[in-house]
Amino acid sequence: MLKRGWGRDSRRGVLYLGLNVQDLTDGARNFLREFGINYPTIRDQQNTAPVAYGAIGIPETYFIDRRGRVVGHIVGKVTPRTLATGVQAARTGQVIGILRGPVG
């Protein structure tokens with residue numbers, strides 16, 4: 001879902017950034033290669049970002065507007081609807097709060 005979204009939304013000025021907090025570097029690289037993930041991804045070895053943003057599990061997706069404000073947050077898997085809602089919030093700066101995606 002995120003790979004497709006990146007392909008579409010990057011042309012509209014939306015940045016996707018993957019954050020690896022769980023896998024070791026080789027495991028993460030293998031995952032990215034296996035699934036053809038082509039949006040930027042970084043490794044957070046100290047888990048500082050999840051702590052700073054109050055993440056409670058994996059996966060979680062955050063939407064940040066142009067001013068750097070978190071305007072939305074998906075807990076669980078991203079769906080086409082939650083992704084579209086979050087991207088729109090990031091583009092407009094409208095706060096949408098927490099959305100629940102499917103878990104599992």
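The structure is a predicted model, in which local features need pLDDT of at least 70 and side-chain atom pairs count only at pLDDT 80 or more, whereas totals for chains, interfaces and linings use all residues. Residues are numbered from 1 along each chain as its sequence is written, and side-chain values use heavy atoms, with hydrogens and water left out.

Secondary structure was assigned from DSSP runs, numbered from the N terminus, with helices (H or I) of at least four residues and strands (E) of at least two. The chain contains 4 helices and 5 strands, arranged along the sequence in the pattern α-β-α-β-α-β-β-α-β. The radius of gyration is 13 Å, close to the 13 Å that the globule rule gives for 104 residues, so the chain is as compact as a globular protein of that length. This radius is taken over C-alpha atoms, and the globule rule is 2.2 Å times the number of residues to the power 0.38. The C-alpha trace spans about 35 × 30 × 30 Å along its principal axes.

Of the 104 residues, 32% count as buried; buried means under 20% relative accessible area, exposed over 50%, and partly exposed in between (1.4 Å probe, protein chains only). With contact defined as heavy atoms within 4.5 Å, residues 24 or more positions apart account for 47% of the contacts with a separation of 6 or more. The chain carries 15 positive and 7 negative side chains, where Lys and Arg count as positive, Asp and Glu count as negative, and His and the chain ends are not counted. The centres of the two sets lie 10 Å apart, each charge being placed at NZ of Lys, CZ of Arg, CG of Asp or CD of Glu.

In helix H1 (residues 2-9), the residues Gly 5, Trp 6 and Asp 9 are buried. Seen down the axis of H1, these buried residues fall within an arc of 100°, so they line one face of the helix; the arc is that of the directions from the helix axis to the C-beta atoms. The buried residues of H1 pack against helix H4 (80-92).

Thr 82 lies in H4 and has 10% relative accessibility. Leaving aside neighbours within four places in sequence, Thr 82 is in contact with Phe 63, Ile 74, Leu 99 and Arg 100. Val 87, also placed in H4, is buried with a relative accessible area of 4%. Under the same exclusion of neighbours within four places, the contacts of Val 87 are Asp 9, Arg 12, Val 14, Tyr 16 and Phe 63. The C-alpha atoms of Val 87 and Arg 43, which are 44 residues apart along the chain, are separated by 23 Å.

Two loop positions were also considered. Gly 93 lies in the loop between H4 and strand S5 (97-100) and counts as buried at 19% relative accessibility. Not counting residues up to four places away in sequence, Gly 93 touches Asp 65, Arg 69 and Val 71. Asn 47 is placed in the loop between strand S2 (41-43) and helix H3 (48-53) and is partly exposed at 32% relative accessibility. Phi of Asn 47 is near 60°, a positive value in a residue other than glycine.
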